Amino acid sequence: QFRGAGVAGTAGNTANLTNNGTVAINECSNSGSPLWAGVVAVPGSNSSANLTNNGKVVYNGDVLNGLKIGGVVAMCSSKAVSDCENTKPVSVTATDLTGTLTMGGVIADCDASGTVTGLKNIADLTTNVGNTAYIGGVVGDSDKGKTTYSKVENNGNIVYNIGEKEATKLVLAGICAFSYDGNTYSECKNTGKISVTAAKAGTGY
């Protein structure tokens, strides 16, 4: 499985990490469900705190088995997550993507079983990828554990330009796109706009 990030692809307990450079891959054809992020692609299972991304996160290329891309973290199963922020745009451009696009301003796929607090995204998320997509201003997908979210904020816009493609399942949200029934939310705020441009109707908007 391909993992890429500004600081580390995989790390143990992660704290006080900052990325200030662009994290980009161009003209890539990948069949291994890549994980792509601004700071750490996959942090450790105990805690993640004070992670900041100040660089653009860009993925340009074809993906044959899904993609998880986050402004700060791609896939997180830490028991506790706190005070993480993304300040730069996250974008995906592809001519062909099979599987699922999971995209988050801070975390793409969050499987935390405890408390997630103090997450903030202030940058835009942009993609043209069709098929199945979960895109959240802060978190793309949170469907594994009973996660408690508090003081989570998104100020970035989500821009989805499908063009001639047909999306079979498209879930977009200012905070968390796909959320497990057992998750709880408090003191969450979204000011970002969500826009979808499509040349033809899909089957699962």
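D141 is buried, at a relative accessible area of 7%; buried means under 20%, exposed over 50%, and partly exposed in between, with a 1.4 Å probe and protein chains only. The residue sits in strand β18, residues 139–142, where strands (E, at least two residues) are DSSP runs numbered from the N terminus. Leaving aside residues up to four places away in sequence, D141 touches T102, A108, D109, C110, Y134 and F178, a contact being heavy atoms within 4.5 Å.

Some ground rules. This is a predicted model, where local features need pLDDT of at least 70 and side-chain atom pairs pLDDT 80 or more, while totals for chains, interfaces and linings use all residues. Residues are numbered from 1 along each chain as its sequence is written, and side-chain values use heavy atoms, without hydrogens and water.

Now the core. The largest nonpolar core has 22 residues; such a core is a set of buried Ala, Val, Leu, Ile, Met, Phe, Trp, Tyr and Cys residues joined through side-chain atoms within 4.5 Å. Elements giving two or more residues to this core include β4 (23–30), β9 (67–70) and β17 (131–136). Another core, of 20 residues, lies apart from it, with V39 and C84 among its members.

Last, the rings. There are four aromatic pairs, meaning Phe, Tyr or Trp rings (six-membered for Trp) with centres within 6.5 Å; planes under 30 degrees apart count as stacked, over 60 as edge-to-face, the rest as tilted. F2 and W36 are stacked, 5.7 Å centre to centre and 15° between the planes. F2 lies in the segment before β1 (3–5) and W36 in β5 (residues 35–37), so the pair ties together parts 34 residues apart in sequence.

Conventions: Helix = DSSP H or I, 4+ residues; strand = E, 2+ residues; numbered from the N terminus.
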